[in-house]
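Welcome! Work through the exercises below with the sequence and the model side by side, and try each task before you read its solution.

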Protein chains: 2
Amino acid sequence: MTKPLVHPAIEDVPVEAILHALSDRHRVALFSQIFHQDNPSSCVTLSCVLDQAIPKSTLSQHMRILREAGLIRGERRGVEMRNTSRHAEVEARYPGLLKAIVSAYAIQLEGK
Amino acid sequence: MTKPLVHPAIEDVPVEAILHALSDRHRVALFSQIFHQDNPSSCVTLSCVLDQAIPKSTLSQHMRILREAGLIRGERRGVEMRNTSRHAEVEARYPGLLKAIVSAYAIQLEGK
DNA sequence: CTTGGTAGTTCAGAGTTTCGGAACTAATGT
DNA sequence: ACATTAGTTCCGAAACTCTGAACTACCAAG
């Protein structure tokens, strides 16, 4: 039996939790990728965008933190996980927040 | 001898550090207050805006984290510290970021 | 059905970070 | 000189994070 993934309502997520989820260099990179991507990304695919390889148990924890902060939705599709951004929902509650963060991250990358 | 406070150039502050600094309920409350205030606020004054009293050693650490993330500037004036927001500098590097976060925090407060 | 591989999760211990009381410093007032 | 106020530093306890090893879930081939 597939155990259910936790996906809080955005109303139940405090801003601090969103900022905390994105306050890690790996997680902000992973989320930016999902944010810009139109079709869902699997975890393995995602880990390729990171500048350094990380263990899969660590990746799994990072994905859980992003999920529990209401930032992404994860659905099991066969053997892999399809991750999509919950951008629209977060935007409805906290307008401009994710865009500002993702843009800031992009600006930071430019200067490297 | 007054020991010097650390104030990094915004260029040297990664977005993650800013998000980390604001990912704590006390720090985001403190920063929002400084952000909205025109004249500098002392630490004691600031701690009054928190919903619960916190020890002053903890407050001191929180202020240091905000300073080292480039979010505020602290100047000793006699016995107390004058804290001001470095909003303009951060805005120049990461447009819209602080406003989006502070607004999101305000929205969250509304719903309480 | 069984074996094998792939994608991701859970567990538990080591390592790191944060919290907060007590002792400290620095400036000012009496 | 002594007391007071505002903030910092130190350091041990508590809370969090990382990651290897073992595990689950699904799918495909034999």
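A salt bridge here is a side-chain nitrogen of Lys or Arg within 4 Å of a carboxyl oxygen of Asp or Glu. By that rule the structure holds 10 salt bridges over all chains. This is a predicted model, where local features need pLDDT of at least 70, side-chain atom pairs count only at pLDDT 80 or more, and totals for chains, interfaces and linings use all residues. Residues are numbered from 1 along each chain as its sequence is written, chains are lettered from A and ligands numbered from 1 in the order in which they are written, and side-chain values use heavy atoms, with hydrogens and water left out.

**Exercise 1. Find the salt-bridge partner of Glu11(A), and say which parts of the chain the pair links.**

Step 1. Look at the side chain of Arg93(A): it meets that of Glu11(A) in a salt bridge, 3.5 Å from N to O.

Step 2. Glu11(A) sits in the segment before helix 1 (15–21) of chain A, while Arg93(A) belongs to helix 5 (residues 87–93), so to speak 82 residues apart.Step 3. Helices (H or I, at least four residues) and strands (E, at least two) are DSSP runs, numbered from the N terminus.

Step 3. Check accessibility, where buried means under 20% relative accessible area, exposed over 50%, and partly exposed in between (1.4 Å probe, protein chains only). Glu11(A) has 55% and counts as exposed, whereas Arg93(A), with 16%, is buried.

**Exercise 2. Compare the surroundings of Glu89 in chain A and in chain B.**

Step 1. In chain A, Glu89(A) forms a salt bridge with Arg86(A), and the closest N and O atoms are 2.8 Å apart. Arg86(A) is buried at 4% relative accessibility, and Glu89(A) is partly exposed at 33%.

Step 2. In chain B, follow the salt bridge between Glu89(B) and Arg73(B), at 3.3 Å from N to O. Glu89(B) is in helix 5 (residues 87–93) of chain B and Arg73(B) in strand 1 (residues 72–77) of chain B, so the pair ties together parts 16 residues apart in sequence.

Step 3. Both partners are partly exposed: Glu89(B) has 34% and Arg73(B) has 29%.

Step 4. Return to chain A, where salt bridges that share partners join Arg73(A), Arg86(A) and Glu89(A) into one network.

**Exercise 3. Describe how chain B meets chain A.**

Step 1. Count the contacts, meaning heavy atoms within 4.5 Å. 22 residues of chain B touch 22 residues of chain A.

Step 2. Turn to buried area, the accessible area (1.4 Å probe) that two parts lose on being put together, summed over both. Between chain B and chain A about 1700 Å² is buried, and carbon and sulfur atoms give 69% of this. Glu16(B), Leu19(B) and Gln108(B) supply 31% of the area that chain B buries against chain A, more than any other three residues.

Step 3. Look for salt bridges across this interface: the rule finds zero.

Step 4. Find the elements involved. Helix 1 (15–21), helix 2 (25–36) and helix 6 (97–110) of chain B each give two or more residues to the side that touches chain A. Helix 6 of chain B brings the largest share, seven residues.
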